[in-house]
Amino acid sequence: MKEATFISLLADDSERLKFRSELVEATLKNPQWVEILLTNMEAFDDVNSNFSARILELACKDKLGLIFPYLDTYCDLLPRVRQGPVIRACAKICELLTLRYFKNHLLPLKERHFEKIIEAGFDWMISDQKTAVKAYTMQTLYLLGLKYDWIHPELVLNIEKDIPTGTTGYVNRGRKIIKAIETKTKFKI
């Protein structure tokens with residue numbers, strides 16, 4: 001697929017879902033196109049930002065290394081995203097990054113990346129986000145709490161605050177995270 005076709009398909013509302021797999025595959029074959037997706041994600045009021053975020057998420061699930069050259073740009077974007085679908089995709093990518101980091105510590109994550117992920121994560125936990133965003137974020141912050149002692153107590157407070165009104169999925173994930181923190185055992189997804 002040529003870059004012009006890639007850009008055109010990202011913008012084509014009528015053909016979006018039909019070509020989702022091809023767009024993910026094209027991203028995997030052309031890692032430099034991650035920059036196009038990130039640029040689209042920065043267009044906060046554009047419907048293309050939602051679709052571009054989803055394509056990036058799916059590509060990162062297949063090959064997380066795609067995002068490594070763009071970690072600064074990606075992490076700088078996190079506190080600024082506002083659309084629900086973009087936040088969901090970003091939360092999932094953050095979860096993938098932290099899971100991989102704590103599995104083998106070989107990711108090129110720097111302190112500033114962790115700071116941006118933590119800042120965005122707590123913002124998402126205290127704002128009105130869907131369950132998926134909060135579930136991914138709980139996992140991310142739980143793992144980062146293994147590196148930064150202050151995170152676990154704050155995370156428990158945030159989770160407990162929303163348990164009375166949370167969905168079944170939120171309550172189940174939240175209780176498992178809290179139990180893992182209190183018993184100092186590993187949380188398994």
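Which residues in helix H3 (residues 34-41) are buried? I looked this up before anything else. The model is a predicted one.

**Helix H3**

I found Val34, Ile36, Leu37, Leu38 and Met41 buried in H3. Next I checked what these buried residues pack against. Their partners are H1, H2, helix H4 (47-62), helix H5 (71-77) and H6.

**H1 against H2**

I turned to the pair H1 and H2. Two packed helices are described by the angle between their axes and the distance between the axes. I looked up both values. The axes of H1 (residues 3-11) and H2 (residues 20-29) come within 11 Å. They cross at roughly 140°. The crossing of H1 past H2 is left-handed. On the H1 side I noted Phe6, Leu9 and Leu10 as the contact residues. On the H2 side they are Leu23, Ala26 and Thr27. I sorted this contact by class: five residues are nonpolar, one is polar and none is charged.

**Leu9**

I then followed one residue of that contact. Leu9 belongs to helix H1. Is Leu9 buried or exposed? Its relative accessible area is 11%, which is under the 20% cut-off, so Leu9 counts as buried. I set aside its neighbours within four places in sequence and listed what Leu9 touches. The contacts are Met1, Arg16, Phe19, Leu23 and Phe51.

**Cysteines**

How many disulfides does a search of the whole structure find? I got zero. I checked Cys60, which is in no disulfide. Its nearest cysteine sulfur belongs to Cys90, at 9.8 Å. A disulfide needs the two sulfur atoms within 2.5 Å. Cys60 is buried, because its relative accessibility is 2%. Cys75 is in no disulfide either. The nearest cysteine sulfur to Cys75 is that of Cys94, 6.5 Å away. I logged Cys75 as buried too, because its relative accessible area is 0%.

**Thr98**

My last stop was Thr98, in helix H6 (residues 84-104). Thr98 has 0% relative accessibility, so I count this residue as buried. What does the side chain of Thr98 reach at 3.1 Å? I found the backbone oxygen of Glu95 there. Leaving out neighbours within four places in sequence, I listed the contacts of Thr98 as Thr140, Leu143 and Leu144.

Key
Residues are numbered from 1 along each chain as its sequence is written. This is a predicted model: local features need pLDDT of at least 70, side-chain atom pairs count only at pLDDT 80 or more; totals for chains, interfaces and linings use all residues. Side-chain values use heavy atoms; hydrogens and water are left out. Axes are lines fitted to C-alpha atoms, for helices over the stretch in contact, and angles run from 0 to 180 degrees between N-to-C directions. Helices (H or I, at least four residues) and strands (E, at least two) are DSSP runs, numbered from the N terminus. A crossing is left-handed if the near helix is turned anticlockwise from the far one by less than a right angle, and right-handed if clockwise. Contact means heavy atoms within 4.5 Å. Ala, Val, Leu, Ile, Met, Phe, Trp, Tyr, Cys and Pro count as nonpolar, Asp, Glu, Lys and Arg as charged, and the others, Gly among them, as polar. Buried means under 20% relative accessible area, exposed over 50%, partly exposed in between (1.4 Å probe, protein chains only). A polar contact is a pair of N or O atoms within 3.5 Å; within protein, one must be able to donate a hydrogen and the other to accept it, and residues adjacent in sequence count only if both atoms are side-chain atoms.
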